[in-house]
Amino acid sequence: TETRSERNRARRSRVRSYLRKVEEAIASGDKASAETAYKAAAASAHTAPSRFFDISLLREMLVCYLGT
């Protein structure tokens, strides 16, 4: 379980980093960079356990702020 815990910790950290990048891109108002960051975050989120991240929340955030 230690190996699994370490792996999950790394995945959770990676997802949080990608989420932060998406939020920063949305805050800057740059639509292209926000979409690029979203694609990277979505790819990372699919490898993470579902309890760490819900991809639909990120999609809703992107649509709400950028109208894409």
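Q: Which residues make up the largest nonpolar core?
A: This is a predicted model. Its largest nonpolar core has ten residues in all: Val22, Ala25, Ile26, Ala34, Ala37, Tyr38, Ala41, Ala42, Leu58 and Leu62. Helix 1 (2-28), helix 2 (31-47) and helix 3 (55-66) each supply at least two residues of this core. Helix 2 gives the most, with five residues.

Q: What makes a set of residues such as this a nonpolar core?
A: Two conditions: the residues are buried ones of the nonpolar kinds, and their side-chain atoms join within 4.5 Å. The ten residues from Val22 to Leu62 listed above make up such a core. In soluble globular proteins, nonpolar side chains tend to be buried together.

Q: What class does Arg14 fall into, and why?
A: Arg14 has its place in helix 1. Its relative accessibility is 35%. Buried needs under 20% and exposed needs over 50%.

Q: Which residues does Arg14 touch beyond its sequence neighbours?
A: Leaving out residues up to four places away in sequence, Arg14 touches Ser44 and Thr47. The C-alpha atoms of Arg14 and Ala41 are separated by 8.8 Å, and these residues are 27 apart along the chain.

Q: Why is helix 1 called roughly antiparallel to helix 2?
A: Two packed helices are described by the angle between their axes and the distance between the axes. The axes of helix 1 and helix 2 come within 9 Å and cross at roughly 165 degrees. Angles over 145 count as roughly antiparallel, so helix 1 is roughly antiparallel to helix 2. The crossing is left-handed.

Q: Which residues meet where helix 1 and helix 2 pack?
A: From helix 1, the residues include Arg11, Arg14, Val15, Tyr18 and Ala25. From helix 2, they include Ser33, Ala34, Ala37, Ser44 and Thr47. Ala25 is in contact with Asp30, Ser33 and Ala34, leaving aside neighbours within four places in sequence.

Q: What is the pattern of the protein along the sequence?
A: The pattern is α-α-α. The secondary structure comes to three helices and zero strands.

Q: What share of the residues counts as buried?
A: Of the 68 residues, 31% count as buried. The protein exposes about 4700 Å², and carbon and sulfur atoms supply 48% of that area.

Technical notes: Residues are numbered from 1 along each chain as its sequence is written. This is a predicted model: local features need pLDDT of at least 70, side-chain atom pairs count only at pLDDT 80 or more; totals for chains, interfaces and linings use all residues. Side-chain values use heavy atoms; hydrogens and water are left out. Buried means under 20% relative accessible area, exposed over 50%, partly exposed in between (1.4 Å probe, protein chains only). Helices (H or I, at least four residues) and strands (E, at least two) are DSSP runs, numbered from the N terminus. Contact means heavy atoms within 4.5 Å. Accessible areas come from the Shrake-Rupley method with a 1.4 Å probe; for residues, only the protein chains shown count as cover. Axes are lines fitted to C-alpha atoms, for helices over the stretch in contact, and angles run from 0 to 180 degrees between N-to-C directions. Angles under 35 degrees count as roughly parallel, over 145 as roughly antiparallel, 65 to 115 as roughly perpendicular and the rest as oblique. A crossing is left-handed if the near helix is turned anticlockwise from the far one by less than a right angle, and right-handed if clockwise.
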